[in-house]
Amino acid sequence: MKKLFLLTLLILLLPLWGCGGGTPVWGANYYVDSAITDTNPASATCDFTTYNPVTFETTGGTACVYKTIADVNAKSFTAGDFVYFRKDQTWREQLTVPSSGSAGSPITFGAYGSGASPIISGALIAASGSWTRPDAGNYPNVWQATDTVEPKEIWFDGTKGTLVASGSPTYVNVNSANEWLWASDVLYVYSTSNPATAYTSPGVEVPYYTEALLIDTKSYITIDGIIFERGRIRGISFGGEGASNVIIKNSTVRYNGNTSGDAVRLSSALDASGTNHLFQNNTVHANMGYGINISKYHATSGNENIFSD
């Protein structure tokens, strides 16, 4: 079932946020703009160092800009750095936080420009050349595409699809709009014409990445004003017990997971590294499973907290 959880809350796990903070260090500003040319694919090297974040031109400025999240994932940032994603844009990649900040000087991932908040999606658009019909004579409206990662949900131009049961042949029950089925590394969907042309806004979205954001046990990280959606299992994962001092605020976590997944999942131990996490003014909605699942393994104190609607 859908989970709807509007979150405006503060969670403080020992000790209070800000205690023991270090002297702030101001780092560099980095920008991510999917409209530019990718001159250094999947590289920590800036695509341009003359970017203007006001005009969005790659000349006339002095800033470093990347095109893809793969570039960001390859970069080792330093304490106090800011990484800004351009508003009104979508990246279909997993953001894996590559490095930690420090007390008083977190690494911040935020937004710039005007328009809607930037989207980081765990879903890919099915490629235009990937669709064929398994039996055009008997089932003219069933289309198939290879998909080696089992999706838990799919969307047709933003409309959630309906999963049907397999039969004989496998796709026999795929016979109405927005119906779909996955079996043996093949995705079947119903469409009266090639799905690549029938659905273009944005298309057939198939969750691929386990989560849209992986904190990856990093510490002193701030996430501000970003939408994380359509992770195959969950929207955000902290990746293990080592993550600490993470702030997530003014963000949206939506359309993620399945009945056994979570929108946000923390696996953190209350150990010497600290586990202070702050969630503030976020919207978590339309996810399968728990809205937030906070688990503390081998904790020296505190109780397990599960937040769910």
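**Contacts, rings and cores**

Mentor: Start with A123, which is buried, at a relative accessible area of 0%. Keep in mind that this is a predicted model.

Trainee: Which strand holds A123, and how far apart in space are A123 and P207, C-alpha to C-alpha?

Mentor: A123 belongs to strand β10, residues 123-125. Leaving aside neighbours within four places in sequence, A123 contacts R92, E205, V206, P207, Y208 and R230. In sequence A123 and P207 are 84 residues apart, but the C-alpha to C-alpha distance is 3.7 Å.

Trainee: R230 is one of those contacts. Over which ring does the charged end of R230 sit?

Mentor: The charged end of R230 is 4.4 Å from the centre of the ring in question. A second case is R86, whose charged end sits over the ring of F56 at 3.6 Å from its centre. For R230 the ring is that of W155.

Trainee: How are the rings of F77 and F109 arranged, stacked or edge-to-face?

Mentor: There are 16 aromatic pairs in the count. A pair of aromatic rings is described by the distance of the centres and the angle of the planes. For F77 and F109 the centres are 6.3 Å apart and the planes stand at 85 degrees; planes over 60 degrees apart count as one class, so the pair is edge-to-face.

Trainee: How many residues apart are F77 and F109, and where does each lie?

Mentor: F77 is in the loop between α1 (69-74) and β5 (82-86), while F109 is in strand β8, residues 107-112. F77 has 4% relative accessibility and counts as buried, and F109 is buried at 0%. The pair links distant parts of the chain, 32 residues apart.

Trainee: What is the arrangement of the F82 and Y84 rings?

Mentor: F82 is partly exposed, with a relative accessible area of 21%. Ring pairs join F82 and Y84 with Y31, Y51, F56 and Y112 in a cluster. The F82 and Y84 ring centres lie 5.8 Å apart with planes at 10 degrees, so the pair is stacked.

Trainee: Which residues have the most contacts inside the largest nonpolar core?

Mentor: That core has 31 residues. Elements giving two or more residues to this core include β2 (29-32), β4, α1, β5 and β8. Among the contacts of F85, not counting residues up to four places away in sequence, are V32, I69, W91, F109 and I226. The residues with the most contacts inside the core are F85 and F109.

Trainee: Another core lies apart from it; how many residues does this one have?

Mentor: W131, V189, Y199 and V204 are among its members. The count for this core is 13 residues.

Trainee: Which backbone nitrogen does the side chain of T68 reach?

Mentor: T68 is placed in the loop between β4 (63-66) and α1, and at 16% relative accessibility it counts as buried. Beyond four places in sequence, T68 touches V32, D38, W91 and E93. Its side chain reaches, at 3.2 Å, the backbone nitrogen of D71.

Trainee: In the open sheet of 4 strands, what is the order, and which residue in β16 stands opposite A183?

Mentor: The order is β11-β16-β15-β14, with mixed pairing. The edge strands β11 (142-146) and β14 (162-163) each pair on one side only. Strands β15 (residues 179-183) and β16 (residues 186-190) pair in the antiparallel sense over 4 bridges. Opposite A183 stands V186.

Definitions and conventions:
Residues numbered from 1 in each chain as written. Predicted model: local features only at pLDDT ≥ 70, side-chain atom pairs only at ≥ 80, totals over all residues. Heavy atoms only, no water. Pairing = 2+ DSSP bridges. Phe/Tyr/Trp six-rings, centres within 6.5 Å; stacked < 30°, edge-to-face > 60°. Buried < 20%, exposed > 50% of the residue type's maximum accessible area, 1.4 Å probe, protein only. Lys NZ or Arg CZ within 6 Å of the ring centre and 35° of its normal. Polar contact = N/O pair within 3.5 Å; in protein donor to acceptor, adjacent residues only side chain to side chain. Contact = heavy atoms within 4.5 Å. Core = buried A, V, L, I, M, F, W, Y, C linked by side-chain atoms within 4.5 Å.
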